[in-house]
Amino acid sequence: MKKLLFCLLALALAAALLPALPLLFTPADMPQEAGTSSLLPAEEKTPAASTSQPPERQAAGTALPAYYRILETSSQRVLRVEPMEYLMGVAAAELPASAPEAAKIAQMVAAHSYALTVMAAPLKNGGAASEAQISNDPARHQGYLTPEQRKALYGDGFDEAEAALRAAAEQAVCWLLTTDGETLLPAAYHSCSAGQTEDAKNVWGQSVPCLVPADSAADKSAPQYSQQKTVPRPEMEAILKEKLAVKELPGSPESWISIEEVSPSGTVLKASVLGTGYTGVELRRWFSLASACFSVHYDSAADAFIFDTKGSGHGVGMSQYGAEKLAESGKNWQEILGHYYPGAVLVEVGQ
């Protein structure tokens, strides 16, 4: 538990030493996915069968910092935000107002745990932004909506939605996920999986305790579960020439890309592109795909490449859609976290 205490004390000290910064409210991009960075190297762990058993609980006996410093990416200014408000803003950015309370609390605990792992390392942005501990850019860290942005989002339903967020945050703010009672868990999450969440090693190249496959069959009913993207051959040719630094593409289009290895959760582990191996994560980035769980073929009639994807996001950790479905089935927030982060230990801290 010394590692967790040290982390929280360091955050609190940093908050106290830096000058006070005014709260700034400007529009921000809506999030796509979060929890994708600051993964810590960990001993390789065999994926465990997921259960809905709640994580073990422990008490850390220390307090959270008074506020967090959030980089507002649209303005490059820094917001000073109390932990409760931060959790409310993250949940508003990540989940619909209609999400069950248990799903909201699970989201807040996961997002809080992830955020603190990011805050342990200072951002390197230069200028005033260097004072920030985490950004509101979902592509880099995770989204956050200010009270003003929540008012615009919820409209006439603001008071009801805000009350629900506050009630959830009051329960969530004192709980953090750890891998062993001492080490904070970078609790990644995503929109929906391909039916089973992915091992962190298959996405980021390194194993992380508790970020292992878990059943999420309910995701197959998600609106965003199955998507298709068409890439015209000229566009594909231009992308491959740029990425591979070649002037011409040999062979027929049918031979340009083929899938060679797929994980049990559906992630493309190896794809051959003009005879060279690349990961599905790399191809997802090249072609802006919904996920790295995909198939691809060349349609000669359309003179285009067709990507069929399953799931949305990186697929590691908690499925937000799956968490909502578990909550609707009667699972509490502890059981949801236990299902998606097998072996994790909940630690209680003060405010």
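## Close-up views of a predicted model

**Figure 1. The crossing of helix α3 with helix α10.** The axes of α3 and helix α10 (residues 333-340) come within 8 Å of each other and cross at roughly 55°. The crossing in which α3 passes α10 is right-handed. On the α3 side the residues that meet α10 are Ala-102, Ala-103, Ile-105, Ala-106, Val-109 and Ala-110, and on the α10 side they are Trp-333, Ile-336 and Leu-337. Sorted by class, this contact of α3 with α10 has nine nonpolar residues, no polar and no charged ones. This view, like those that follow, is taken from a predicted model.

**Figure 2. The packing of helix α2 on helix α3.** Helix α2 (residues 83-94) packs on helix α3 (residues 101-119) at an angle of about 115°, and the axes of the two helices are 9 Å apart. The two helices α2 and α3 are therefore roughly perpendicular to each other. As with the crossing of α3 and α10, α2 passes α3 in a right-handed crossing. From α2 the contact draws on Tyr-86, Leu-87, Met-88, Val-90, Ala-91 and Glu-94, while α3 contributes Gln-107, Met-108, Ala-111, His-112 and Ala-115. By class, eight residues in the contact of α2 with α3 are nonpolar, two are polar and one is charged.

**Figure 3. Helix α9 and the elements that surround its buried residues.** Helix α9 (residues 320-328) is mostly covered, since seven of its nine residues are buried. These buried residues of α9 are Gln-320, Tyr-321, Gly-322, Ala-323, Glu-324, Leu-326 and Ala-327. They pack against the helices α2, α3 and α10, and also against the strands β6 (189-190) and β13 (318-319). Just after α9, Gly-330 takes a positive phi of about 110°.

**Figure 4. Helix α8 and the residue that follows it.** Helix α8 (residues 280-287) is also mostly covered, with six of its eight residues buried. The buried residues in α8 are Gly-280, Val-281, Leu-283, Arg-284, Trp-286 and Phe-287. Just after α8, Ser-288 takes a positive phi of about 50°.

**Figure 5. Two loop residues with positive phi.** Gln-76 lies in the loop between β2 (68-72) and β3 (77-81), and its phi is near 60°, a positive value in a residue other than glycine. With a relative accessible area of 41%, Gln-76 is partly exposed. Ala-245 is placed in the loop between α7 (233-244) and β8 (257-262), and although Ala-245 is not a glycine, its phi is positive, at about 55°. Ala-245 counts as exposed because its relative accessibility is 70%.

**Figure 6. Leu-79 in strand β3 and its spatial relation to Ala-132.** Leu-79 is found in strand β3, and with a relative accessible area of 2% Leu-79 is buried. Leu-79 and Ala-132 are 53 residues apart in sequence, while their C-alpha atoms are 8.1 Å apart in space. For the protein chain as a whole, residues 24 or more positions apart account for 72% of the contacts with a separation of 6 or more.

Figure 7. The structure holds zero disulfides. Cys-192 is in no disulfide, and the nearest cysteine sulfur, which belongs to Cys-293, is 9.6 Å away.

Figure 8. The protein chain has ten helices and 14 strands. Of its 351 residues, 54% count as buried.

Notes
Residues are numbered from 1 along each chain as its sequence is written. This is a predicted model: local features need pLDDT of at least 70, side-chain atom pairs count only at pLDDT 80 or more; totals for chains, interfaces and linings use all residues. Side-chain values use heavy atoms; hydrogens and water are left out. Axes are lines fitted to C-alpha atoms, for helices over the stretch in contact, and angles run from 0 to 180 degrees between N-to-C directions. Helices (H or I, at least four residues) and strands (E, at least two) are DSSP runs, numbered from the N terminus. Angles under 35 degrees count as roughly parallel, over 145 as roughly antiparallel, 65 to 115 as roughly perpendicular and the rest as oblique. A crossing is left-handed if the near helix is turned anticlockwise from the far one by less than a right angle, and right-handed if clockwise. Contact means heavy atoms within 4.5 Å. Ala, Val, Leu, Ile, Met, Phe, Trp, Tyr, Cys and Pro count as nonpolar, Asp, Glu, Lys and Arg as charged, and the others, Gly among them, as polar. A disulfide is a pair of cysteine sulfur atoms within 2.5 Å. Buried means under 20% relative accessible area, exposed over 50%, partly exposed in between (1.4 Å probe, protein chains only).
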